[in-house]
Amino acid sequence: MAHVAPDAPAVRRRSFSELLTSEFRALPIVLGLVVLWIFFAAQSDVFLTPRNLSNLLVQSTVVGIMALGLMFVLLVAEIDLSVAAINGLTSVFMAKIIVEYGFSPWIAIPIAVLLGAGIGSLSARWVTYVGVPSFVVTLGLGLALNGLQLILLPETARYSLSGTGLERIALTSISGPWAWLVLAIGIGAFAALVLSNVASRRKAGLEIPFLQGVVLPIGAAAAFGILVVAILTAHQGIPLVVLIFAILLGIGGYVLQETQFGLFLYAVGNNAEAARRNGVNVAGLKMAAFAIAGGVAALAGIIAASRTLGVGVFSGGGVGGGTLLLESIAAAVIGGVSLFGGRGAIYAALLGALVIGTVSNGLNLMGVENEIRLIVTGFLLVLAVSIDRLIEKATGQQSF
Amino acid sequence: MGVETAQRPNTEVRPSDTPLVSMRNIQKHFGSLHALRGASVEVHPGEVVALVGDNGAGKSTLVKVMAGVHAMDSGEYLFEGKPVHVSKPTDATELGIQTVYQDLSLCHNLDAVQNLFLGRELTGPRWGGRRIRRAESEVRAREVLTRMRLGGMSLTRPVGAMSGGQRQNIAIARSILWTPKVVILDEPTAALSHSAAESVSKLIRTLADQGLGIVVVSHDIHHFVVNSTDRIEVMRLGANVASFKSSEVTGEQVVNAMVGGNVGVNLAG
Ligand SMILES: Nc1ncnc2c1ncn2[C@@H]1O[C@H](COP(=O)(O)OP(=O)(O)O)[C@@H](O)[C@H]1O
Ligand SMILES: [Mg+2]
């Protein structure tokens, strides 16, 4: 609000409640995370060590990447209950062609991702052309894919991937000065994007909210990045899987925030008929969203396979998707993505996955049983959505 | 009663110019429901045509056929005197026919600029993933809104957080953003307060004075229809039953034509 162009109306000072339902929507989740971290730090001396925080991040990537892909489908007011099964099937398929047919991982990985995208777009076709609700189509498809996954597995019910080169995805870290270089490139790209927006606003003679639009976003991104990289380099450096997640977050954020495709996702999710009347190809858009969710789920499956050094019945969360499916949906929702479409930003995948990862990691350190973890995660899911509703009620502002 | 029976909409109004849009003898079924039974309407440059009729008369269906939302079963659709094929919304918008739907067709999670340009975003190159040129869009949006004397409207608030009158204005602004020749408005004043409705009717007249053809569906017979339009087409059960010059008719006469003396007929079909 530094400066107001002469012919523009005065920039209205916005109330805190309005900000809570728009720019600062992430605030309650961030505060929640801080509370969780304080709690676990008080319970365990190990929690805040670089080693544990690195582990926590790595443990959160698979669910985070799954949630990121799923977001595209949730934004258009659909759901894909087969993402975990896609994750499992494609990783088993990939392992099979590597182990039995001698494919190089460099070939097998893209094939697996394309297979995931193909499966996703098939369910979208079924949803849009036949008109069966997506939760039915993808529930059925998920079970069918679980069956296929079991068929593809050998007698031993497991393919080991050690020695295939695939394990290097999980074992590689970028350390020392390289880590800082990676961070500098990331911040540089983000700053370039922000500054190019500023440049075009200046060219168009529009006001430039310097503090809010330039200093705060770049400063916050830099501070957050430096903190994370400092913690990670204090242990072993930036794990490759964390870097992959970060790159996906960057690309996803750009697509959702800056491009026409991203805007169409939000438009279709809120009012598909209005979008159609304005010339948006709704069926094509949904197909792309499901393809992205499927392809990204396959990528998450590959990372999971690399971390566990193999695939089996358990891949993709096991039959029915298990906790992987539920945690992926929960992560997106905790992060602020609406199941009714048209609402949610890219940070949802990161924050949601961090909440789930933190609970899991922290309770594990406290020696608490898995049952408790499920109860706490489920409770947090309901709590996150409830807080959102309560803020809407208290402020009378609907958040979008 | 001064009720004429359905005939060619009067060429007396502006004999000199070809109608911008002329639709004749339109038939439309929804399954077994016969929604349009030979309905007709035409609009000339600078003219405001009102479509009136009881609920279910087929007004919305007729304008949706004009807008390309529904394809007609049969009938004649001329644009500037030439037969055209309009079967989807973009066919109509490419001809210069813009529609403000009864439900406004806005996305409540998007802001005014995003709604104004929806489906026709100003974008950058393909390699950049068709990045939206936000700054230019804002400038164009501000221009249009200023022309509509709505210069103070927020461009960044989600439309869902705005009042009904503001949403109506955004929907109208969207229709004129691309300098159309014809604007169709379905019940533009129905959901508005008295003063907001007044300003919308002023706006409609301003647009007609700039040479646009306007087709308005309205139930506001006694105020808006008789005072702010040029010609009135009365529809009943999917067909035209009367046609008036707005300056030569009273609200009572229009209402009589709408109900056709057959009060109690099940108009819902
Ligand atoms: N999409 C549709 N599907 C089926 N029937 C419809 C549809 N749209 C309108 N109708 C029916 O067509 C008739 C005319 O409706 P409409 O054009 O909306 O009337 P009006 O706008 O004059 O009130 C009504 O009987 C309505 O129920
Ligand atoms: Mg209607």
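Visitor: Hi! Which residues in α3(A) meet α13(A)?
Guide: Hello! This is a predicted model, so keep that in mind as we go. On the α3(A) side they are A:Val58, A:Gln59, A:Val62, A:Ile65, A:Met66, A:Gly69, A:Leu70, A:Phe72 and A:Val73. Their partners in α13(A) include A:Ala289, A:Phe290, A:Val296 and A:Arg307.

Visitor: Why would residues a few places apart end up facing one partner?
Guide: An α-helix has 3.6 residues a turn, so residues three or four places apart point the same way.

Visitor: Nice. At what angle do α3(A) and α13(A) pack?
Guide: The angle is about 170 degrees, and the axes are 7 Å apart. An angle over 145 counts as roughly antiparallel, so α3(A) and α13(A) are roughly antiparallel to each other.

Visitor: And α15(A), how does α3(A) cross that helix?
Guide: Helix α15 of chain A covers residues 347-365, and its axis comes within 7 Å of the α3(A) axis, crossing at roughly 140 degrees. That makes α3(A) oblique to α15(A). The crossing is right-handed.

Visitor: Which residues meet there?
Guide: From α3(A), the contacts include A:Asn52, A:Leu56, A:Ser60, A:Gly64 and A:Met71. Among those they meet in α15(A) are A:Ala348, A:Leu354, A:Gly357 and A:Leu365.

Visitor: Is α3(A) mostly covered or mostly open?
Guide: Mostly covered, with 22 of its 26 residues buried.

Visitor: How far apart are its ends, and where does α3(A) bend?
Guide: The end C-alpha atoms are 35 Å apart. At 1.5 Å a residue, helix α3 of chain A (residues 50-75) should span 38 Å, so the two values agree. The bend is at A:Thr61, by about 40 degrees.

Visitor: What follows α3(A)?
Guide: A:Ala77 does, and its phi is positive, near 65 degrees.

Visitor: Let's switch to chain B. What about α4(B), which of its residues are buried?
Guide: They are B:Ala135, B:Ser137, B:Glu138, B:Ala141, B:Arg142, B:Val144 and B:Leu145.

Visitor: What covers them?
Guide: The cover includes α8 (177-203) of chain A, along with α3 (112-116) and α5 (164-176) of chain B.

Visitor: What span should α4(B) have?
Guide: Its 14 residues, 134-147, should span 20 Å at 1.5 Å a residue, and the end C-alpha atoms are 20 Å apart, which agrees. Just after α4(B), B:Arg149 takes a positive phi of about 60 degrees.

Visitor: Where is B:Val159?
Guide: B:Val159 is in the loop between α4 and α5 of chain B.

Visitor: Buried or exposed?
Guide: B:Val159 counts as buried because its relative accessibility is 0%, and the cut-off for buried is under 20%.

Visitor: What does B:Val159 touch, apart from sequence neighbours?
Guide: Leaving out residues up to four places away in sequence, its contacts include B:Leu106, B:Cys107, B:His108, B:Asn115 and B:Ile170. B:Leu106 is 53 residues away in sequence, yet the C-alpha atoms are 7.7 Å apart in space.

Visitor: One more residue in chain B: where is B:Gln98 found?
Guide: In strand β6 of chain B, residues 97-100. B:Gln98 is buried, with a relative accessible area of 7%. Beyond four places in sequence, B:Gln98 is in contact with residues including B:Thr93, B:Arg120, B:Arg174 and B:Ile184.

Visitor: Last one, back in chain A. Which helix holds A:Gly262, and what is in contact with it?
Guide: A:Gly262 is in helix α11 of chain A, residues 260-270. Leaving aside neighbours within four places, A:Gly262 is in contact with A:Val255 and A:Leu256. A:Gly262 is also buried, at 0% relative accessible area.

Definitions and conventions:
Residues are numbered from 1 along each chain as its sequence is written. Chains are lettered from A and ligands numbered from 1 in the order in which they are written. This is a predicted model: local features need pLDDT of at least 70, side-chain atom pairs count only at pLDDT 80 or more; totals for chains, interfaces and linings use all residues. Side-chain values use heavy atoms; hydrogens and water are left out. Helices (H or I, at least four residues) and strands (E, at least two) are DSSP runs, numbered from the N terminus. Buried means under 20% relative accessible area, exposed over 50%, partly exposed in between (1.4 Å probe, protein chains only). Contact means heavy atoms within 4.5 Å. The expected span of a helix is 1.5 Å times one less than its number of residues. The bend at a residue is the angle between axes fitted to the seven residues ending there and the seven starting there. Axes are lines fitted to C-alpha atoms, for helices over the stretch in contact, and angles run from 0 to 180 degrees between N-to-C directions. Angles under 35 degrees count as roughly parallel, over 145 as roughly antiparallel, 65 to 115 as roughly perpendicular and the rest as oblique. A crossing is left-handed if the near helix is turned anticlockwise from the far one by less than a right angle, and right-handed if clockwise.
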